[in-house]
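Student: I have a chain open in the viewer. Please show me how to read its features.

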Amino acid sequence: MTHRAGRHFLQIPGPSPVPDRVLRAISTQTMDHRGPDFAEVGRTALAGMKSIFKTEQHVFIYPSSGTGAWEAALVNVLSEGDEVLMYETGHFATLWKKMATRLGVNAEFIEGDWRGGADPDRIEARLRADSAHRIKAVCVVHNETSTGSVSPIAQVRQAIDAAGHPALLMVDTISGLASIDFRFDEWGVDVAVSGSQKGLMLPPGLSFNAVSEKAFELSKTGGMRRSYWDWQEMATINGTGYFPYTPGTNMLYGLNEAISMLHEEGLDNVFARHQRHGAATRAAVRHWGLEVLCRQQGQESGVLTAVLMPSGHSADNFRKVALAHYDISLGNGLSKVADRVFRIGHLGDINDLTLAGTLTGVELGLRKAGVPHAAGGVAAAMDALEDTRITALAAE
């Protein structure tokens, strides 16, 4: 091992860089998770996550990855043999479907091309055809991390309602929450899934379910056998600020600090910052002469930008060159787009200067790897940042 001067640029679409304030909070001495002082930690975390999900309903916190919260969402409200409707927006939608199938759920996929979010019209048409209401839930990924596309969740709820269908709306917002707007109550979501390592600016290790009263009541008599993931057991003790098993104590310290930071900046300002950085990144990519994977205008993500490589060039080789020469980590392409796509993460605790440094690293890497491109993408991004800043000021 040899020291490399300067900071490493972790610009994958999660885990995102952890701010110093959060790291210091996590390093606080561990306390007794059954002692009297812990109740305030637990209550603060649970109330804080309600504010992030924008809900007055139930929120549960698990010491697990987001995959665990996927499973919790499914097993609490679905039984083996139940039918669910899912939408193929990318790799993570595919993995959620795979999990549902393994659990014995009959998961139907609406086929997508991985270049945009879920289409509410296609969901509505399928639900209208389900006159017997066999479909128990519609499962959609809010921000598809593999492709950089955002699904219009409010419109999906409108589609379910327009079809007159009783299906639950279940949403994976693992990479969307705290980065792009998400409104659990207002949008009529029944179950939402998220994780700590994206917009919440924490290391991996915590996951979340937000749960509507409708879904919570259903879980009292429905769902599959479960123990660790059971919402009812969590709800019984969460009201006191405690958990039914050992929680991620130090991660909860960090979570409370991260929530404070998000509210200090203001959630609307956080969302606007991510949108600006997404727009600036896409301006750079298009100036370089490369193609943004998401081609559905208005559904491009503020969390990350997935970039298609020119024919004959390896995305993985480019990423390897960029890491070796410029100490920048970029996301790889997954499954269907493996080695064809690289992903630029622009989420979490970053500012304009961080983004400019990131895009400089990408442009240097393109040059070093011999990838055909037009120079000046960073300048195009700077112009886009300035234009959006002026527009924002004019609107104030």
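Tutor: Start with G370, which counts as partly exposed because its relative accessibility is 46%. Buried means under 20% relative accessible area, exposed over 50%, and partly exposed in between (1.4 Å probe, protein chains only). One caution: this is a predicted model, where local features need pLDDT of at least 70 and side-chain atom pairs count only at pLDDT 80 or more, while totals for chains, interfaces and linings use all residues. Residues are numbered from 1 along each chain as its sequence is written, and side-chain values use heavy atoms, with hydrogens and water left out.

Student: Where is the place of G370?

Tutor: G370 lies in the loop between α12 (352-369) and α13 (377-395). Helices (H or I, at least four residues) and strands (E, at least two) are DSSP runs, numbered from the N terminus.

Student: What is the strand order in the open sheet of seven strands?

Tutor: Pairing comes first: two strands pair if DSSP finds at least two bridges between them. Here the order is β2-β10-β9-β8-β5-β3-β4, and the pairing is mixed. β2 (58-62) and β4 (106-110) are the edges; each has a single partner strand, so one side of each lacks a neighbour in the sheet. Neighbouring strands of this sheet are turned by 20° against each other on average, direction ignored. Axes are lines fitted to C-alpha atoms, for helices over the stretch in contact, and angles run from 0 to 180 degrees between N-to-C directions.

Student: How many bridges link β3 and β4?

Tutor: Five, with β3 (residues 83-87) and β4 in the parallel sense. V84 has A107 in β4 as its bridge partner.

Student: Which strands does helix α4 touch?

Tutor: Contact means heavy atoms within 4.5 Å. Helix α4 (residues 91-102) packs on the sheet and touches β3, β4, β5 (135-141), β8 (168-172) and β9 (191-195). The direction of α4 makes about 160° with that of β4.

Student: Which way do the residues of β14 point?

Tutor: In a regular strand, side chains alternate between the two faces of the sheet. From β14, V341, R343 and G345 point one way, while F342 and I344 point the other way. Five of the five residues in β14 (residues 341-345) are buried.

Student: In which sense does β12 pair with β14?

Tutor: Antiparallel, over five bridges, with β12 spanning residues 304-308. V307 stands opposite F342 in β14. Strand β13 (residues 328-332) also runs antiparallel to β14, joined by two bridges. There, G331 stands opposite R343.
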